[in-house]
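Please open the model in your viewer and keep the selection tool at hand. We will go from stop to stop, and each stop says what to select and what is there.

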Amino acid sequence: MNVIETKLKGCFILEPRIIGDSRGYFFESYNQASFAELTGHQVNFVQDNQSFSSRGVIRGLHAQAGEFAQAKLVRVLQGEVVDVAVDARPDSPTFGQHVAVHLSAENKKQLFVPRGFLHGFVVLSEVAEFFYKCDNFYKKDAEWGVIFNDETLGIDWGIDAEELIISEKDQILPTFNEAIASLKTT
């Protein structure tokens with residue numbers, strides 16, 4: 001596996017070693033020992049999630065606060081997405097910065113999103129099947145988020161705004177600065 005460090009400390013792109021022949025291909029998508037050795041992160045994933053979405057669907061930007069924060073290892077099983085991680089750790093030198101990575105069934109890349117990050121993606125293909133591992137269980141009361149088109153973050157989602165499909169919940173999320181201020185007061 002090849003591990004590529006992003007500009008955000010602790011956030012990595014993982015490129016698996018693919019073994020292919022006339023039958024198809026095989027690759028190891030996760031190995032706890034190799035992951036720890038290559039990234040320096042010892043992670044105990046406890047929950048797997050999968051979503052299926054059509055072109056233009058944005059899911060995110062979401063996170064969980066405090067003791068319920070989650071690290072995620074994400075990948076695409078079908079289709080293509082732009083996957084985004086935003087550093088929301090106030091003590092981080094890259095606080096408020098983001099990375100956007102094209103993940104697809106074809107390139108088989110994965111993104112490791114550490115705890116303390118907002119995460120989201122938009123579907124670029126006709127449909128996408130998205131899979132991710134989490135190191136903490138989902139807790140609805142701990143969830144928070146930021147509006148996808150926050151001007152402070154300046155995320156290029158790689159798709160025209162008129163094509164976007166956004167849940168009601170995600171349409172009313174606060175800006176990054178509003179969300180961070182709210183977290184500080186709770």
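Start by selecting Ala-88, Pro-90, Gly-116, Trp-144 and Leu-183: of the 15 residues that line the second largest pocket, these lie nearest its centre. A pocket here is an open set of points on a 1 Å grid over the protein atoms alone, where a 1.4 Å probe fits, with protein on both sides within 12 Å along at least five of seven lines; lining residues have an atom within 4 Å of a point. This pocket has a volume of about 210 Å³, that is, the space filled by probe spheres set on the points, with grid points joined across faces, edges and corners. E6 and H3 are the elements that give two or more residues to its lining, and H3 gives the most, with three. Helices (H or I, at least four residues) and strands (E, at least two) are DSSP runs, numbered from the N terminus.

A word on what you are viewing: this is a predicted model, in which local features need pLDDT of at least 70 and side-chain atom pairs count only at pLDDT 80 or more, while totals for chains, interfaces and linings use all residues. Residues are numbered from 1 along each chain as its sequence is written, and side-chain values use heavy atoms, with hydrogens and water left out.

Next, select Arg-59, His-62, Lys-72, Tyr-132 and Glu-143. Of the 27 residues lining the largest pocket, they are the closest to its centre. Its volume is about 460 Å³. E6 supplies the largest share of this lining, seven residues.

Arg-59 leads on to the strands, since you can now look across from it: what stands opposite Arg-59 in E11? The residue there is Phe-121. E6 and E11 run antiparallel and are joined by three bridges; two strands pair if DSSP finds at least two bridges between them. On to E8, which also runs antiparallel to E11, with seven bridges between them. Here Val-81 stands opposite Val-123 in E11.

Now color E11 itself. In a regular strand the side chains alternate between the two faces of the sheet. Phe-117, His-119, Phe-121 and Val-123 point one way from E11, and Leu-118, Gly-120 and Val-122 point the other way. Seven of the seven residues of E11 are buried, so the strand is largely enclosed by the rest of the structure. Buried means under 20% relative accessible area, exposed over 50%, and partly exposed in between (1.4 Å probe, protein chains only).

Zoom in on Trp-157: not counting residues up to four places away in sequence, it touches, among others, Ile-58, Leu-61, Val-82 and Phe-148. Contact means heavy atoms within 4.5 Å.

Finish at Asp-87, in strand E8. Is Asp-87 buried or exposed? Asp-87 is buried, with a relative accessible area of 0%. Leaving aside neighbours within four places in sequence, its contacts include Leu-8, Ser-92, Phe-117 and Phe-176.
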